[in-house]
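Please inspect the sequence and the structure below before reading on.

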Amino acid sequence: MTSSDYSGQRFGLPRTGPGSMASVGRRLAALMIDWAVAYGMAYLLVGDRLLRNGQFAALSLLAVIYLVGLGISGSTLGMAVLGLRVGSDQGGRAPLYSIGMRTVLLFLVIPAVVWDADGRGLHDRIAHTMIVSTR
């Protein structure tokens, strides 16, 4: 990328505003909201055991939140609150197999911390998805 390039330019996305590539900060904030929701739900299901050995319950619920939310609307609760959605890097909605692949890779963690010049994680590159701003 040159100094005049910006994230999402090679996909034909605008520099800012609706349809632009989402910033890392907003994506991480959305993930934190989703984690909080998953932990809250897990606590309701397993109670105090969550703190001892219920981490798998919270992680499983987070995966379900991602699969259902992205499959139905392209957003999780955290993404919707922050004005983000997951779409195909070819344009439009991401197909269900891409959402499934993205979710599995996200939970392997390593792909999520390896980013390209557009700020997309390896999980998004492999799944042919990207997170864009809705506002």
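The model is predicted: local features need pLDDT of at least 70, side-chain atom pairs count only at pLDDT 80 or more, and totals for chains, interfaces and linings use all residues. Residues are numbered from 1 along each chain as its sequence is written, and side-chain values use heavy atoms, with hydrogens and water left out.

**Salt bridges**

A salt bridge is a side-chain nitrogen of Lys or Arg within 4 Å of a carboxyl oxygen of Asp or Glu. By this rule there are six salt bridges, among them the following pairs.

| Pair | Closest N and O atoms |
|---|---|
| R120 and D89 | 3.1 Å |
| R102 and D124 | 2.6 Å |
| R125 and D116 | 3.6 Å |

Helices (H or I, at least four residues) and strands (E, at least two) are DSSP runs, numbered from the N terminus. R102 belongs to helix 5 and D124 to helix 6, so this pair ties together parts that are 22 residues apart in sequence. Buried means under 20% relative accessible area, exposed over 50%, and partly exposed in between (1.4 Å probe, protein chains only). R102 and D124 are buried, as are R120 and D89. A network of salt bridges links R10, D89, D116, D118, R120 and R125.

**Buried residues**

D118, a member of that network, is found in the loop between helix 5 and helix 6. Its relative accessible area is 3%, so D118 counts as buried. Contact means heavy atoms within 4.5 Å; leaving aside residues up to four places away in sequence, D118 touches Y6, S7, G8, Q9, R10, F11 and M21. H123 lies in helix 6 (residues 122-127) and is buried, with 6% relative accessibility.

**Strands**

Strand 1 (residues 84-88) has four of its five residues buried, so this strand is largely enclosed by the rest of the structure. Strand 1 runs antiparallel to strand 2 (residues 129-133), and five bridges join them. The bridge partner of L84 in strand 2 is S133.

**Loop residue**

V109 also lies in the loop between helix 5 and helix 6. Here the relative accessible area is 49%, which means that V109 is partly exposed.

How values were computed. Pairing = 2+ DSSP bridges.
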